[in-house]
Amino acid sequence: MKLIGDYHTHTVYSSGFRKEGKHATGTIRDNAEVALSKGLREIAITEHGPSHYLYGLREKRIPAVREEINRLNEEFIPKGLKILLGVESNLIGLDGTIDIEEESLKYIDFLIMGYHYGATPKGIRDGLGLYGLNPLSKCLSICEKKAIELNTKAYIRALRKYPIDMISHPGSKAKVDIVELGKETKKYGTALEISSKHSQLSVESIKLLLDMDIVYMVNSDAHRPEDVGNVENAIRKAKEANLPLNRIKNIEIN
Ligand SMILES: [Zn+2]
Ligand SMILES: [Zn+2]
């Protein structure tokens with residue numbers, strides 16, 4: 001089995017309003033060098049979406065990052081590695097709004113949607129629904145049911161609105177009805193991520209989806225260059241759940 005590409009990696013640009021390098025440590029070049037040394041053919045640089053106060057890439061910087069990647073590609077493509085510009089956008093509205101403006105999408109090769117605490121919600125209702133209930137649902141089961149319902153609906157609405165390539169760590173931080181979400185991703189060919197870093201998708205969640213022919217990706221979610229391409233934990237979960245490995249889009253099976 002061979003990993004073709006790692007489609008979820010962060011660099012110093014995931015730094016929000018803080019000093020660069022606090023949240024993720026490497027540069028784009030650092031991540032690319034590691035990807036190349038591990039024999040990958042593609043790597044996506046996927047900073048946190050702009051609404052994340054602590055970690056988000058400022059939206060106005062996207063064109064400059066695009067240019068940097070274009071320049072680096074002139075050097076790396078002849079060596080066998082293509083660098084993609086992605087973004088790990090945040091779900092910020094109950095109506096499925098994510099924190100990337102329509103016009104920024106033209107710069108992006110790979111669009112991820114995820115849910116993270118610390119993103120600024122679209123409005124007060126969104127804040128209460130998406131960001132108030134999820135932390136509360138950890139201790140209050142009465143909130144959990146409502147949170148799952150609202151989260152799942154919001155994820156599904158986002159899939160209908162945007163050309164989302166992959167959902168990062170689905171079910172981590174915001175619980176979802178994974179079967180309902182899985183059905184919807186199948187319609188659009190959107191991949192569900194099996195993360196090496198996060199608990200979701202868990203073995204149990206993958207098992208619930210086995211009947212459906214869904215697309216998956218295994219990724220590192222590297223925040224340090226040395227973690228780029230580390231997907232062993234994700235592969236282990238897939239195998240433990242008896243997932244047919246040909247459903248994982250970014251590996252080649254010998
Ligand atoms: Zn994430
Ligand atoms: Zn991430």
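Along the chain, the donors of the zinc ion (ligand 2) follow the spacing H-x1-H-x77-E-x132-D. His-10 sits in the loop between β2 (5-9) and α1 (28-37), and Asp-221 in the loop between β8 (216-219) and α7 (232-240), so this pair ties together parts that are 211 residues apart in sequence. Bear in mind that this is a predicted model.

Now the atoms. The zinc ion (ligand 2) is coordinated by NE2 of His-8, NE2 of His-10, an OE of Glu-88 and an OD of Asp-221, at 2.1 to 2.4 Å. Why is the arrangement of the 4 donor atoms irregular? They subtend angles of 79 to 168 degrees around the zinc ion (ligand 2), which makes it so. To count as tetrahedral, four donors would need all angles between 85 and 135 degrees.

Glu-88 bridges the zinc ion (ligand 2) and the zinc ion (ligand 1), and the two ions lie 3.3 Å apart. As for accessibility, His-10 and Asp-221 are both buried.

On to helix α5, residues 178-188. Which of its residues are buried? Ile-178, Leu-181, Gly-182, Glu-184 and Thr-185 are. Looking down the axis of α5, these buried residues fall within an arc of 165 degrees, so they line one face of the helix.

How values were computed: Residues are numbered from 1 along each chain as its sequence is written. Chains are lettered from A and ligands numbered from 1 in the order in which they are written. This is a predicted model: local features need pLDDT of at least 70, side-chain atom pairs count only at pLDDT 80 or more; totals for chains, interfaces and linings use all residues. Side-chain values use heavy atoms; hydrogens and water are left out. Donors are N, O and S atoms within 2.8 Å of the metal (3.2 Å for Na, K and Ca); water is not among the atoms, so sites may look incomplete. Four donors count as tetrahedral if all angles lie between 85 and 135 degrees; four count as square planar and six as octahedral if opposite donors are over 155 degrees apart and all others between 65 and 115; anything else is irregular. Helices (H or I, at least four residues) and strands (E, at least two) are DSSP runs, numbered from the N terminus. Buried means under 20% relative accessible area, exposed over 50%, partly exposed in between (1.4 Å probe, protein chains only). The arc is that of the directions from the helix axis to the C-beta atoms.
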